[in-house]
Amino acid sequence: MSKVKKKTKKRTTKKTTKKTTKKRYDGREANELRPIKIESGVLPNADGSAYIEMGRNKVLVGVFGPREMHPKRFSKPDRATLRCRYHMSPFSVSPRRSPAPSRRDTEIGMVMSWALEPAVFLDRYPRSVIDVYAEVLEADGGTRTACINAATVALVDAGIPMRDLVASCAAGKVDGRLILDLGDVEDKEGEADVPVAYMPKLEKVTLLQMDGVLPPEEFKECINLAIEGCKQIYEIQREALKKKYGITDEEEAEE
Amino acid sequence: MSSRQGIVSRLKQKKIHEVLASGKRMDGRGLEEYRDIVVKTGVMEKAHGSAEVYLGKTRVLVGVSIQVGRPFSDTPDKGVLMCNAEFTPLAHPTFEPGPPRAPAIELARVVDRGLRSAEILDFDKLVLIEGRDVYMVFVDLWVLSYDGNLIDAAALGAVAALRTAKRPVHKVKDGKIELTGKMKALKLRKEPLAVTMAKIGDSLIVDPNADEEEVMDARLTVTLDEDGNICTIQKANWEGFTVEELHKALDLAQEKVAELRAHL
């Protein structure tokens with residue numbers, strides 16, 4: 001078993017959520033996302049690709065396929081398999097981490113697939129595989145959400161038919177306050193972290209996890225807060241795609 | 001488990017949907033009904049703690065081993081808790097020998113997160129020499145028979161095993177640690193238990209069995225401590241939940257966890 005770095009959340013001491021206007025460690029408001037930049041079509045050899053900067057997270061995603069599944073026995077007779085690989089570069093965190101895949105990486109790959117699958121028309125490509133490779137070049141808290149945001153754009157860039165875009169960000173509780181899009185420090189020091197992925201048009205939550213402890217009411221608030229963040233990210237994803245394909249707002253309105 | 005890649009006969013899939021639509025399940029249970037649960041503790045002699053959970057035909061054996069070892073470098077002043085899961089090939093015809101695959105890793109990590117988030121143990125007290133010698137609590141989740149819902153069975157087994165576990169007592173003498181020959185019970189701060197629900201079509205069911213897991217559109221695991229606080233959440237599979245569906249599931253989990261707790 002790999003000895004991955006474990007983090008222990010601070011005990012929840014405050015029962016109620018403080019309504020403060022105190023700025024966060026990076027000067028953000030409680031419901032403010034970090035700056036996000038998404039670019040699509042950045043890898044020449046991938047069928048689709050995207051690069052995202054979400055705060056100081058830097059993630060590159062390449063999509064390959066639909067293509068033949070190897071080994072063949074893993075193929076599904078009625079639909080394509082969406083296979084996500086989440087991987088962190090050794091220099092993405094300090095101190096350096098081993099490049100070998102950890103148990104955490106395996107799980108995140110799996111939940112990425114679950115987050116993205118509801119949006120993809122997998123039944124169009126029976127027996128095939130769509131590989132989504134996410135490389136975290138620099139990590140700053142919330143890498144899985146950054147990976148999902150970029151992977152969605154990369155899937156569209158690969159020309160794969162989609163029901164909706166999947167936008168993702170986390171909400172959580174730090175110092176007794178519910179906040180949006182936790183940075184690295186907040187993620188490690190905070191009481192709870194709830195990563196969410198959401199399809200804004202279909203109004204469905206496709207990723208939902210939690211680390212830490214929350215009373216049910218605050219958990220529900222976190223979901224709503226994260227969904228609001230996802231809606232903002234959705235617009236940024238659309239802009240990135242429109243820019244790549246030279247679609248102006250006027251042209252879009254005509255359609 | 002989705003990655004078993006089992007091919008469900010369309011007939012079975014159709015039948016499960018039909019029966020659910022009429023408010024029943026293939027095995028005769030109600031939608032919100034658990035299968036029979038049996039929890040036995042102290043089933044292994046050499047382990048420091050153990051428990052075996054039968055959830056219908058699902059059977060998970062949990063062994064707790066406690067030893068002294070080096071702490072993680074980022075928490076030199078805390079003891080260590082580690083969960084590890086193994087799908088033994090005895091458990092199902094589709095399980096093969098070999099290193100743990102994604103579903104086993106997910107099982108271990110979801111159970112682990114529940115215990116860790118709830119801070120089940122007072123890790124500050126499991127330190128002998130800071131930065132060098134701390135108690136390491138290994139929780140091994142051994143799947144002996146698979147018929148769905150491994151998470152709830154394993155989480156219940158883990159808490160039951162830890163409740164009854166006794167650790168060896170050491171003393172520090174001249175910068176060295178020595179065994180005293182005494183044993184001491186681990187004190188649990190919280191008892192987090194998992195409730196897993198599956199969404200099949202428009203139905204939300206509790207405690208999915210293997211057939212139901214093969215056809216389920218989505219799965220949601222909610223881990224709750226005895227105060228009703230949520231300690232971890234895991235959503236799985238290729239469908240999403242609406243916010244209303246999530247709220248319904250959270251309320252249902254609060255209700256069902258009491259039944260599980262009665263087995264501790």
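Me: Which strands does helix α2 (residues 102–117) of chain B lie across, and what counts as a helix or strand?

Reply: That helix lies across β9 of chain A together with β9, β11 and β12 of chain B, running at about 160° to β12(B). Helices (H or I, at least four residues) and strands (E, at least two) are DSSP runs, numbered from the N terminus. Angles run from 0 to 180 degrees between N-to-C directions, with axes fitted to C-alpha atoms, for helices over the stretch in contact. This is a predicted model, where local features need pLDDT of at least 70 and side-chain atom pairs 80 or more, while totals for chains, interfaces and linings use all residues. Residues are numbered from 1 along each chain as written, with chains lettered from A and ligands numbered from 1 in the order written.

Me: Which strands form the open sheet, and which are its edge strands?

Reply: The 8 strands go β7(A)-β6(A)-β8(A)-β9(A)-β12(B)-β11(B)-β9(B)-β10(B), with antiparallel pairing. The edges are β7 (177–180) of chain A and β10 (203–206) of chain B, since each pairs on one side only. From one strand to the next, the twist averages 20°.

Me: At what angle do α4(A) and α5(B) pack?

Reply: About 160°, with axes 11 Å apart; α5 covers residues 243–261 of chain B. That makes the two helices roughly antiparallel, because the cut-off for the word is over 145 degrees.

Me: Which residues meet there, and what counts as contact?

Reply: Pro216(A), Lys220(A) and Ile223(A) meet Val243(B), Leu246(B), His247(B), Leu250(B) and Gln254(B). Contact means C-beta atoms, placed from the backbone, within 7 Å.

Me: How many residues of the two chains are in contact overall, and which element of chain A gives the largest share?

Reply: 34 residues of chain A are in contact with 38 of chain B. On the chain A side, β9(A) supplies the largest share, 11 residues.

Technical notes
Parallel < 35°, antiparallel > 145°, perpendicular 65-115°, else oblique. Pairing = 2+ DSSP bridges.
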